[in-house]
Amino acid sequence: MKNTLLALVASAAAFGAVSAHAADGSPYVGIGGVVSEHRYNNMAGDTTGADNAKHEYGGKFFAGYQINPMFAVEAGYTDFGKSDYNYAVNGARGRGEADSKSYYLAGKASYPVAEKVNVFGKLGVAHNKNDVSVSGLAGNYRGESSRNAAYAALGAEYAVTEKVGLSLEYEHYGKNEVDIGRSKGAVSLNARYSF
């Protein structure tokens, strides 16, 4: 009886995974909208008293391969958008700007929680690029920085049809080499199509 019950539970879990995802061995592509926090904490002597954090909007593109209903491999490109911050040091004005992007490669593990809903986690590596320019008394700086960091994400996906899914996830891309502009994390709303 105990073995029969375990077999039924395992079968239900496997059915849920198949229902919420495409079949084994299928590639997929997707697009998404991204919101992230951009910070300008390192503006030396800033006396404006203004909030130096703001939310910026960007987009992402990703593609992957669904190995089986539970596991996939995914690569993506995220553009976090451009941001700027006007500051002052004893009345003298300055400006900081940042343009951030990231590329990632990750393994993805999914688990069904309902017939059409999966929760998932991703773990991999991100290559972060952050173009920064600062002018004024906080210093004159212009440069590109690149840094590799650990990438991780948690989210949930809803299967609209057998081939189309919608997901909401929190992604952690790691720090930039220059700590101005995009912060470590982002929230994305994505649409995915499986072939």
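1. Phe62 is buried, at a relative accessible area of 4%, and Tyr28 is likewise buried, at 1%, where buried means under 20% relative accessible area, exposed over 50% and partly exposed in between (1.4 Å probe, protein chains only). This is a predicted model, in which local features need pLDDT of at least 70 and side-chain atom pairs count only at pLDDT 80 or more, while totals for chains, interfaces and linings use all residues. Residues are numbered from 1 along each chain as its sequence is written, and side-chain values use heavy atoms, with hydrogens and water left out.

2. The structure holds seven aromatic pairs, a pair being rings of Phe, Tyr and Trp (its six-membered ring) with centres within 6.5 Å, counted as stacked if the planes are under 30 degrees apart, edge-to-face if over 60 and tilted for the rest. The rings of Tyr28 and Phe62 have centres 6.4 Å apart and planes at 65°, so this pair is edge-to-face. The pair links Tyr28 in strand E1 (residues 26-39) with Phe62 in strand E2 (residues 53-66), 34 residues apart; strands are DSSP runs of at least two residues, numbered from the N terminus.

3. The charged end of Arg192 sits over the ring of Tyr28, 4.1 Å from its centre, and that of Lys108 sits over the ring of Phe120, at 4.4 Å; the criterion is NZ of Lys or CZ of Arg within 6 Å of the ring centre and within 35 degrees of the ring normal.

4. Ring pairs also link Phe80, Tyr104, Tyr151 and Tyr173 into a cluster, in which Tyr104 is buried at 3% relative accessibility and Tyr173 at 0%.

Key
Helix = DSSP H or I, 4+ residues; strand = E, 2+ residues; numbered from the N terminus.
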